[in-house]
Amino acid sequence: MTHHQRAESANTLSILAALIQFKTLSEQPNHEIIAWIKAYLEKFGVPCSVLFGPEGDRANLFATIGPKEQSGYILSGHMDVVPVEGQDWATDPFCLTDVGGGRYAGRGTSDMKGYLACALAMVPYFQSLDLKRPIHLAFSYDEEIGCRGVPHLIPTIPDLCAQPRACLVGEPSDLIPVLSHKGKCAIEISFHGKAAHSSDPSKGENAIYPASELVLFAKDLAKRLKTEWLNDARFDPSESTLIAGVIKGGAAVNIIPDHCMVQFEVRSVPGQSAKEIADLVVEKAQQIVKDRDSLDLSWSTKVLSEYPALFPCENAELIAMMERISGVDSKPSVSYGTEAGLFHGAGIPSVICGPGSITRAHRANEFITESELQDCNAMFAKLASDYCCH
Ligand SMILES: [Zn+2]
């Protein structure tokens, strides 16, 4: 390790420690972490745009190092983390802790403040180069609840810089470039009936029965997704999937239930819209209620979260660059989702490549190692020196 790399590594850990102590749970105001990052960037003379979402109390952040009128590279990551409730942590999850063996524990170390810390730590290095292409930082909020923040950032990009050449999404992938993932849509459907004493069912309207019929429809549709719909061998399973994940209804065994709620989740292969499949379940719910023809039965629905699939990257130049700067061969797909499909949808070729392992994400004692952070720094250094300087 050179003196330079040692300094960067120590710097990355101290930035990570600062980021981890902000309890940036999804669906919460995030002005504290935004203010910290903004102040950090301004220390190096990097201006940044704080882009508030419609919620008004939380924001995305976008910053550019290098000539913004040239086409450059986006480093994209999310600032929010998942909760720690009910998890058995050996250390304070919101305090970066050296747990030995080069491991550093804390909520968000892998997913994905480690990536953010590396990007921020490299800013002085980026600035020391004569960049001909810019590097952009795109940090978003509320990713963990269905990429809700980044859709408010992407439309502003044309006002902030020239159309970027590519986006590197830093979701933990063991620093292996990943070329595609499935899309997702989660919905909730509620049936509202009429309560009555169980001794005379005809006086009520049972909300559990239509919900049950809908669940069986979904089970059958899921089977057809495998046999009759688009399959993609890059994924395991190769078909789009649909499941009923939560069902809640009724209050007591001697009352006709007046309410039943079911949540469904669709994960779709590229080329198949998850929302379109979810819409079939919604249409069926409508049909079930219509067929019952009862004034005492109604229904409602809402989308809980949604993001598109990432189409397999076909940009050979980008794949070659990612394999060179990461030092490993790319991988066709992963089972989790990211904001990469949204960037791709905006015409920005996107790949996933971040330090740490997804198997540690969302779990107790999440950690990242110092060498994983160093490898990510080295990847960013190559991106800047080999692809942004001429
Ligand atoms: Zn994540």
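In the predicted model, six strands make up an open sheet with mixed pairing, arranged in the order β1-β2-β6-β3-β7-β12. The edge positions are taken by β1 (48–52) and β12 (350–352); each has a single partner strand, so one side of each is left without a neighbour in the sheet. On average, and with direction ignored, neighbouring strands of this sheet are turned by 20 degrees against each other.

Strand β3 (residues 73–78) is joined to β7 by four bridges in the parallel sense, with Ser76 having Val169 as its bridge partner in β7. Strand β7 is in turn joined to β12 by three bridges, and these strands also run parallel; here the bridge partner of Leu168 is Val351 in β12. The residues of β7 (residues 166–169) are directed to opposite sides: Ala166 and Leu168 point one way, Cys167 and Val169 point the other way, and all are buried.

Leu168 and Val351 are also among the residues with the most contacts inside the largest nonpolar core, together with Leu116, Cys118 and Ala119. This core has 77 residues, and its largest share, eight residues, is supplied by helix α3 (residues 109–121). Both domain 1 (3–180 + 310–387) and domain 2 (183–307) give residues to the core, which therefore lies between them. When neighbours within four places in sequence are left aside, Val351 is in contact with Leu168, Pro177, Val178, Leu179, Cys313, Leu318 and Met322.

The domain assignment divides the protein chain into domain 1 (3–180 + 310–387) and domain 2 (183–307). The C-alpha centres of the two domains are 36 Å apart. Contact between the domains involves 13 residues of domain 1 and eight residues of domain 2. Classified by residue type, the side of domain 1 that touches domain 2 has seven nonpolar, five polar and one charged residues.

Phe191 is located in strand β8 (residues 183–192). With 29 other C-beta atoms within 10 Å, against the cut-off of 20 or more, Phe191 is classed as buried. Apart from neighbours within four places in sequence, Phe191 is in contact with Ala207, Pro210, Ala211, Cys260, Leu297 and Trp299. Phe191 and Met322 are separated by 131 residues in sequence and by 49 Å in space, C-alpha to C-alpha.

A further open sheet consists of three strands in the order β4-β5-β13, with antiparallel pairing. Its edge strands, β4 (97–100) and β13 (367–369), each pair on one side only. The twist from one strand to the next averages 35 degrees. Three bridges connect β5 (residues 103–105) with β13 in the antiparallel sense, and Arg103 stands opposite Thr369 of β13.

Helix α3 lies across β5 and β13 and runs at about 45 degrees to β13. Helix α10 (residues 370–387) packs on the sheet as well, touching β5 and β13, and its direction makes about 65 degrees with that of β13. Helix α3, which lies across β5 and β13, is also the helix that provides the largest share of the 77-residue core.

How values were computed:
Residues numbered from 1 in each chain as written. Predicted model: local features only at pLDDT ≥ 70, side-chain atom pairs only at ≥ 80, totals over all residues. Pairing = 2+ DSSP bridges. Helix = DSSP H or I, 4+ residues; strand = E, 2+ residues; numbered from the N terminus. Axes fitted to C-alpha atoms, helices over the stretch in contact; angles between N-to-C directions. Core = buried A, V, L, I, M, F, W, Y, C linked by C-beta atoms within 7 Å. Buried ≥ 20, exposed ≤ 12 C-beta atoms within 10 Å, placed from the backbone. Domains from an automatic or database assignment. Contact = placed C-beta atoms within 7 Å. Nonpolar A, V, L, I, M, F, W, Y, C, P; charged D, E, K, R; others polar.
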